[in-house]
Amino acid sequence: MAFGIQNERLERQFPTPRDWTWISRMNYRNAKSQEDPEANGTGLIDWASTGNMYRLLIRRLEDPAKDGYGLSEQDDGGIYVAGVGKTGADLENKSYAWKQGYYEALMGAARAAEHLDGWVKDETRNTAFPPEVIIGPSNPTPKPVPPGAMSPPLEENCSPAFEAPETYYMKILTARGFTTKHKLHAALAYADWLDFKRLPESAEEMYRWGLDIATSAAPSKSPLVDHSTGVIRADAINVSSNLLQATTSLAIHYARNLNISSALPILLSVLRARRSLPPAPPSALTSEDAEDDAPSSYLSNILSLLRSFMIAPSYPPPPPSGDEPPFRSSSELCEEAGVMAYIGEVLFASASYNEGLSWTREAVDLAEERFADVNTDKAGRIRCQECLDVGLGNWKSMVVKLANNERKERQGRKPGWLERGTQHSSEGRWMQEEKVIDDRIKRARELLNAKRFANSRDGKGSTLLFG
């Protein structure tokens, strides 16, 4: 009975496609719960176990005798790519829920593969170990295993613990039947991984693949982007959500690799395109947000809880495809604030200190304003919260740098004869602004009621240029 109740609880937290078998649905719920530190109750993620659960699920979904009934290869016998394996199948005959679940399983396996990069499996004990504890010629100074852990493996008994991330990303990118958003997110995730592995040229190719995916599905027949630079054309109209995301990601890639001259024009074109979006229709909160914000009585909460136990929840409907332009709603203004924060970082990194600070301040003001707006939906508020975190952290990092330079300059400079008799130790402009930022961070913490701003108070900022 406890097993059944647990699975019903997980089903409501991680809904599964109704056209999967019971075992596959259970594997999916278990994999998702293991990947969620709050759901598994440990605060940690066992990536070896989580990855294996996703892998078992994918095998069932691709097995024609199980949940893969009706799948077909795009060519006779399928296509194999060296170092990647078999490419994606033809999913056209599958339902939206089936494809969405398969996509999430592939992305989950790719995330596990990234965390297990370099890990090995001891074939004699079927156990995964990190590479630094292996005993063998390739690791002459192995680290000791934690107390209570299994003894470290011998190199001759080891094999790779998991497939490479591209094995799963490429299945999404080469399959037939996934949406533009599915393929774009896979391309950008793989590109981020390549950036992390310090392969900037390969990462740029993947970011540009994502850009091609987004532009190929755009409703406009006229060219929207200069593909040589990634800049959105000034006369572009109806720029889709996918295209905005693809170009922004390419710009962030350039900024991370200190290619400021390529990053800044793209970000400015993205901001221009966002400010040219059609206005949002006169509507209040979405129905979901309206239900959440409506006052509820104790009795209605009890009845809602009982109803949720008796009636299985329906699978979530498809989200927007991203092929259409978004409205310039309150939520989209949060995205606009994020772009402004990126522009501020890039300008500051190019030694345009005042301009960078100005853009960053405006980004913080806009994010704070949109977060407090009742018309901003949940996703928009989350984005505004992220932008506030990044913006305030960047603002603090910028001013701390300028204040330190100001202190060094004042310490190394003797007061002139006109300054004698005055308090030369008074605080300068940037030292005063440090206090202003601390007050803004305090106000933001009160507004958001979130502890996550502790990092901003330390001046860590974002990972784009201040990481």
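Reply: Keeping in mind that this is a predicted model, one place to begin is A351, which follows helix 13 and has a positive phi, near 75°.

Me: Why is a positive phi worth a remark there?

Reply: Most residues other than glycine have a negative phi. A351 has its positive value although it is not a glycine.

Me: Where does A351 sit, and how exposed is it?

Reply: A351 is placed in the loop between helix 13 and helix 14.

Me: Which other residue has a positive phi without being a glycine?

Reply: R198 is one, with a phi near 60°. R198 lies in the loop between helix 7 and helix 8, and at 73% relative accessibility R198 counts as exposed.

Me: What does E345 touch?

Reply: The side chain of E345 makes a polar contact of 3.1 Å with the side chain of N394. N394 is found in helix 15, which runs over residues 378-412, and N394 is buried, with a relative accessible area of 0%.

Me: What about helix 10, which residues are buried there?

Reply: The buried residues of helix 10 are I260, A263, L264, I266, L267, S269, V270, L271, A273 and R274. The elements that cover them include strand 7 (231-232), helix 9, helix 13 and helix 14 (353-372), so helix 13 turns up again in this part of the model. Helix 10 itself has 16 residues, 260-275, and reaches 22 Å from its first C-alpha to its last, close to the 22 Å expected.

Me: And helix 8, how long is that one?

Reply: Helix 8 has 17 residues, 200-216, and reaches 24 Å from its first C-alpha to its last, close to the 24 Å expected at 1.5 Å a residue. Its buried residues are A203, M206, Y207, R208, G210, L211, I213 and A214.

Me: Why would buried residues in a helix be spaced by threes and fours?

Reply: An α-helix has 3.6 residues a turn, so residues three or four places apart point the same way. In helix 8, A203, M206 and G210 are among the buried residues, and what covers the buried residues there includes helix 6 (165-174), helix 7 (180-196), strand 6 (225-226) and helix 9 (241-256).

Me: You mentioned helix 7. What does H185 contact?

Reply: H185 is in helix 7, and, leaving aside its neighbours within four places in sequence, H185 is in contact with Y103, M107 and Q245. H185 and M107 are 78 residues apart along the chain, yet their C-alpha atoms are separated by 9.3 Å. H185 is partly exposed, with a relative accessible area of 28%.

Me: Changing topic, how many residues are in the largest nonpolar core?

Reply: The largest nonpolar core has 98 residues, and those with the most contacts inside it are Y102, F178 and I232. Its largest share, ten residues, comes from helix 5, residues 96-115. A second, separate core of five residues includes F129, V133, I134 and C158.

Me: Which residues does Y102 contact?

Reply: Apart from its neighbours within four places in sequence, Y102 is in contact with W20, I58, L61, E62, L91, K171 and F178.

Me: How many bridges join strand 3 and strand 4?

Reply: Strand 3, residues 120-122, and strand 4 pair in the antiparallel sense over three bridges, and K121 has A128 in strand 4 as its bridge partner.

Me: And the overall picture?

Reply: The protein has 17 helices and seven strands, and 44% of its 467 residues count as buried.

Technical notes. Residues numbered from 1 in each chain as written. Predicted model: local features only at pLDDT ≥ 70, side-chain atom pairs only at ≥ 80, totals over all residues. Heavy atoms only, no water. Helix = DSSP H or I, 4+ residues; strand = E, 2+ residues; numbered from the N terminus. Expected span 1.5 Å × (residues − 1). Buried < 20%, exposed > 50% of the residue type's maximum accessible area, 1.4 Å probe, protein only. Contact = heavy atoms within 4.5 Å. Core = buried A, V, L, I, M, F, W, Y, C linked by side-chain atoms within 4.5 Å. Pairing = 2+ DSSP bridges. Polar contact = N/O pair within 3.5 Å; in protein donor to acceptor, adjacent residues only side chain to side chain.
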